[in-house]
Amino acid sequence: MADKWNRPVRKSPRLKGYDYRQEGAYFVTICTHRRVSLFGEVVNSEMQLNAAGKVAADCWEQIPSHF
């Protein structure tokens, strides 16, 4: 099955019946094409951000001030 742009229709990853408007903690994963390490490296189970990773982290932390 495909949508009107002929892209495959994916199953929603959202939990049925869960109200995503409520406050809560969310785990967010950013995956890059071919899993290239664009944002830094994991060293001793801890993320060490590179310059691009620091920009991404800064933008992420600023989201609440925009919405």
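This is a predicted model: local features need pLDDT of at least 70, side-chain atom pairs count only at pLDDT 80 or more; totals for chains, interfaces and linings use all residues.
View 1. Arg14 sits in the segment before E1. Residues are numbered from 1 along each chain as its sequence is written, and side-chain values use heavy atoms, with hydrogens and water left out.

Arg14 is exposed, at 53% relative accessibility. Buried means under 20% relative accessible area, exposed means over 50%, and partly exposed lies in between (1.4 Å probe, protein chains only). Arg14 lies over the face of Tyr20, 4.5 Å from the ring centre. A charge counts as over a ring if NZ of Lys or CZ of Arg is within 6 Å of the ring centre and within 35 degrees of the ring normal. Arg14 is 26 residues from Gly40 in sequence, and their C-alpha atoms are 28 Å apart.

**View 2. The Tyr18 and Tyr20 rings.** Rings of Phe, Tyr and Trp (its six-membered ring) pair if their centres lie within 6.5 Å; planes under 30 degrees apart count as stacked, over 60 as edge-to-face and the rest as tilted. By this rule the count is one aromatic pair. The centres of the Tyr18 and Tyr20 rings are 4.8 Å apart and their planes stand at 75°, so the pair is edge-to-face. Tyr18 is partly exposed, with a relative accessible area of 32%. Tyr20 is partly exposed too, at 31%. The ring of Tyr20 also has Arg14 over its face.

**View 3. A nonpolar surface patch.** The patch covers about 1000 Å². Its members are Leu15, Tyr18, Tyr20, Tyr26, Val28, Ile30, Trp60, Ile63 and Phe67. Patches are made of residues with over 30% relative accessible area and no salt bridge; like charges are joined within 9 Å, and nonpolar side chains (Val, Leu, Ile, Met, Phe, Trp, Tyr) within 5 Å. Leu15 belongs to the segment before strand E1 (40-43). Leu15 is exposed, at 56% relative accessibility.

**View 4. The salt bridge between Arg21 and Asp19.** The structure holds one salt bridge. The term means a side-chain nitrogen of Lys or Arg within 4 Å of a carboxyl oxygen of Asp or Glu. Arg21 bridges to Asp19, with the closest N and O atoms 3.0 Å apart. Arg21 is exposed, at 77% relative accessibility. Asp19 is partly exposed, at 32%.

View 5. Arg35 is not a glycine, yet its phi is positive, at about 55°. Arg35 is placed in the segment before E1. Its relative accessible area is 74%, and Arg35 is exposed. Ser45 also has a positive phi in a residue other than glycine, near 65°. Ser45 lies in the loop between E1 and strand E2 (46-49). At 76% relative accessibility, Ser45 is exposed.

View 6. Ala51 has its place in helix H1 (residues 51-66). Ala51 is exposed, with a relative accessible area of 60%. Ala51 and Gly40 are eleven residues apart in sequence, and their C-alpha atoms are 8.0 Å apart. Ala56 is partly exposed, at 29% relative accessible area. From Ala56 to Val36 the separation is 20 residues in sequence and 15 Å in space, C-alpha to C-alpha.

**View 7. The whole chain, for context.** The protein has one helix and two strands. Their order from the N terminus is β-β-α. Its radius of gyration is 17 Å, whereas a compact globule of 67 residues would have one near 11 Å. The radius is taken over C-alpha atoms, and the globule rule is 2.2 Å times the number of residues to the power 0.38. Along the principal axes, the C-alpha atoms fill a box of roughly 40 × 30 × 25 Å. Of the 67 residues, 4% count as buried. The accessible surface comes to about 7100 Å², and 56% of that surface belongs to carbon and sulfur atoms. Accessible areas come from the Shrake-Rupley method with a 1.4 Å probe; for residues, only the protein chains shown count as cover.

Technical notes
Helices (H or I, at least four residues) and strands (E, at least two) are DSSP runs, numbered from the N terminus.
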